[in-house]
Amino acid sequence: MVATSADARPAERTDNGLPSLTWLETRTRELLEQAAHGGADQAEVSLSASRALSVTARARERESVEHEGDRAASLTVYRGQRSGSASTTDLSSDGLRAALDQALTIARFTEPDDYAGLADAELMARTRPELSLYHPWSLDAGRALDMALELEAAALDYDPRIAQTEGATVASQDGISVYGNSHGFVAGERASRHALSVQPLAKSERGMQREVAFSQARRAEDLQTLTAVGRLAAERAVSRLHAKTPPTTTASVLFTPRVARGLWGHLIGAISGGALYRNASFLKDKIDQSIAVPTLTLSQHPHRPRGLASAAFDGDGVATTERTLVEDGVLRGYVLSAYTARRLGLTSTGNAGGVFNLDVAPGSEDFDALVAGMGRGLVVTELMGQGVNLVNGDYSRGAAGFWVENGEIAYPVENATIAGNLADMYRDIAALGSDVDLGAALRTPSVLIGSMTIAGQ
């Protein structure tokens, strides 16, 4: 091994208080060299650091100011088909060496795994598209507090029935990460993420209702205004006052965008390698088969500038690509890492760590038109519980929202349960809205399911 002196190393810190990208890349290469000299046939290293500011206002006063700084390292070494992994928050030379020694020791005693190892070298990301992920925000605690107070005031002043909030938060985070492996692949990325959120409580003589609104973006200029976020949260809370339990029946169910994301999260879970090789998915062996209505198309866009889930490579270093996962209702691809692909006898799809910016193709009708067209049923704005079984697709969750009669919203709803089967629900999509939520990594419109069981009174 060629030793690197402390004086020869790049400076650890940059002006913003994080380690420099060059410094992390140098440490990564050193660890890979040390792993090889320690007896590893292959190795992979992930190093990251972040800093964050979060300020919360409550009752028109400062509630908290949090400054956070995190560092992390994750190392995996392979001795033949045996692997060992270790992690640490100590990025000093001694801390990293101790973690590496631990990983090397573990690899001596684990059982062989025929599927273990790095992704194939030819799959590594060799080009780096400009993703524009790093937009630091020169925000100090004082300015953040002023913004949090303004955000909360926008909610409190919207309606006298807004009794209080559970806090209004302004947050900003900058991070840097590097991944490298024994194929000679070492690459990193700087990224920022900023957010606004507020959770008001509306009160009437018949009780209280809680709601939330938030906005997040890579660039502060892309956040919604403080007034817009605050008023939206308050409007949502007030609209839920005097909620009733709906009748037990079978009727249409309209998922608004913020809860519709869950429908597609379940679909992604069912076509992900872990569920597939464990025979724990109702969508196994469905490639090139119809799994949904012809109007449904889901596509991945990992190279979207300033995308909340944009990435040039996945957690294995494999290049990410634009992909269509569901095309006109037909399943066109799985979501695979290097390991899960080997378990299935397939090739990695560049999805170690999940999907990267998923889009659901919208329909032509806006939200009001969807409500008018559903006739009678439930608009769902909140889901509770984890009653989803990906093995057989059974779906049952607590829900809140609004009851619809004669194509018009009649009253707010609470204490409801909706049930069905995901395979049937995807085939019973009556309409997709035009109201896509662009402020999320998973962009979806409202989704109208033709018929579900609704349990209430």
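In which strand does N181 lie? N181 lies in strand β4, which covers residues 162-181. The structure is a predicted model, and the protein chain averages a pLDDT of 95.

**Confidence**
- A pLDDT of at least 70 is reached by 97% of the residues.
- Over residues 1-8, pLDDT stays under 50.
- For residues 1-8, the model has 6 contacts beyond four places in sequence.

**Helix α2**
- Helix α2 runs over residues 93-109, which is 17 residues.
- At 1.5 Å a residue, helix α2 should span 24 Å, and its end C-alpha atoms are 25 Å apart, so the two values agree.
- The buried residues of α2 are G95, L96, A99, L100, A103, L104 and A107.
- An α-helix has 3.6 residues a turn, so residues three or four places apart point the same way.

- With a relative accessible area of 1%, N181 is buried, because the cut-off for buried is under 20%.
- A polar atom of the N181 side chain lies 3.0 Å from the backbone nitrogen of H183.
- Setting aside neighbours within four places in sequence, N181 is in contact with L32, A43, E44, L118, M124 and D316.

**N351 in a loop**
- N351 sits in the loop between α7 (338-344) and β12 (358-360).
- The relative accessibility of N351 is 4%, so N351 also counts as buried.
- Beyond its neighbours within four places in sequence, N351 is in contact with Q300, D314, R323, V335, L336 and F356.

**The open sheet**
- An open sheet is formed by 5 strands, in the order β11-β10-β9-β12-β17, with mixed pairing.
- Its edge strands are β11 (330-331) and β17 (442-443), each of which pairs on one side only.
- Strands of a sheet pair through backbone hydrogen bonds, either parallel or antiparallel.
- Strand β9, residues 298-300, pairs with β12 in the antiparallel sense over 3 bridges.
- S299 has D359 of β12 as its bridge partner.
- Strand β9 (residues 298-300) also takes in Q300, one of the contacts of N351.

Terms used:
Residues are numbered from 1 along each chain as its sequence is written. This is a predicted model: local features need pLDDT of at least 70, side-chain atom pairs count only at pLDDT 80 or more; totals for chains, interfaces and linings use all residues. Side-chain values use heavy atoms; hydrogens and water are left out. Helices (H or I, at least four residues) and strands (E, at least two) are DSSP runs, numbered from the N terminus. The expected span of a helix is 1.5 Å times one less than its number of residues. Buried means under 20% relative accessible area, exposed over 50%, partly exposed in between (1.4 Å probe, protein chains only). pLDDT is the predictor's confidence in each residue, from 0 to 100. Contact means heavy atoms within 4.5 Å. A polar contact is a pair of N or O atoms within 3.5 Å; within protein, one must be able to donate a hydrogen and the other to accept it, and residues adjacent in sequence count only if both atoms are side-chain atoms. Two strands pair if DSSP finds at least two bridges between them.
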